[in-house]
Amino acid sequence: CSLGESLLKPTRIYAKSVLSLAQQNLLLGAAHIAAGGLSGSLSSLIPETLCASLNADSWELPTALRWFAALGKITCRELASTFNCGLGMVLVVTRENADGVVRKLRELREEPLMVGELVSREAGKDAVEVDRAMGNWMMLPELGVSLPFPEILSSLQAPRGAPRTRTAVLGGRQ
């Protein structure tokens, strides 16, 4: 799809899936990742004593966002505070329920990913930390190169196939 098409995709509605999990008392929290980006949307859900430690190796940053980051010299931290970074919904569940929640989401035709865990927050740390973002998000896996390389920016294209929106599952000890 074109850059414009990728940016103008309508927001996905997760009501059916989230309601199903909530009715089974499997959710500790849920955040639709929209205004405020990944870190802003998720930080409003996280208690002051905890940190959502996300592993950027768990999912792929959309091609359009990688392009924006390279062209605009946008830091990973700024990407996470502005965009959803490819995650439309983040669910918080207990570690014991995580595998069952993933199975149920697949039955509901979602594409769940385990993207991190809740850990104790150290003084001065943000509510959301995205580990390994620089190495993961600034790579073009299709080419095996790191961004930015101006000679390849014009040839960036999203992989062919059906558009994907993913639901992330976040589990922790707390």
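Analyst: Leu 3 sits in helix H1, which covers residues 3-7; helices here are DSSP runs (H or I) of at least four residues and strands are E runs of at least two, numbered from the N terminus. This is a predicted model, where local features need pLDDT of at least 70 and side-chain atom pairs count only at 80 or more, while totals for chains, interfaces and linings use all residues. Numbering runs from 1 along each chain as its sequence is written, and side-chain values use heavy atoms, with hydrogens and water left out.

Leu 3 has a relative accessible area of 35%, so it counts as partly exposed; buried means under 20%, exposed means over 50%, and partly exposed is in between (1.4 Å probe, protein chains only). Together with Leu 7 and Leu 8, Leu 3 makes a nonpolar surface patch of about 300 Å². Patch members have over 30% relative accessible area and no salt bridge; nonpolar side chains (Val, Leu, Ile, Met, Phe, Trp, Tyr) are joined within 5 Å, like charges within 9 Å. The areas come from the Shrake-Rupley method with a 1.4 Å probe, and for residues only the protein chains shown count as cover.

Moving on from H1, the loop between H1 and helix H2 (15-23) has its own tie to the rest. Arg 12's side chain meets that of Glu 110 in a salt bridge, 2.5 Å from N to O; the term needs a side-chain nitrogen of Lys or Arg within 4 Å of a carboxyl oxygen of Asp or Glu. Arg 12 is in that loop and Glu 110 is in the loop between H6 and E4, so the pair links distant parts of the chain, 98 residues apart. Five salt bridges turn up in the whole structure. Another joins Arg 95 to Glu 117 at 2.9 Å, N to O, linking helix H6 to strand E4 across 22 residues.

Arg 109, which follows H6, has a positive phi near 65°. Within H6 (residues 95-107), Ala 98, Gly 100, Val 101, Val 102 and Leu 105 are buried.

Now for strand E3 (residues 87-94), where seven of eight residues are buried. E3 runs antiparallel to strand E1 (residues 29-32), with four bridges joining them; strands pair if DSSP finds at least two bridges between them. Ala 31 has Val 90 as its bridge partner in E3. Val 93 of E3 is buried at 1% relative accessibility, and its C-alpha is 5.1 Å from that of Leu 27, 66 residues away along the chain.
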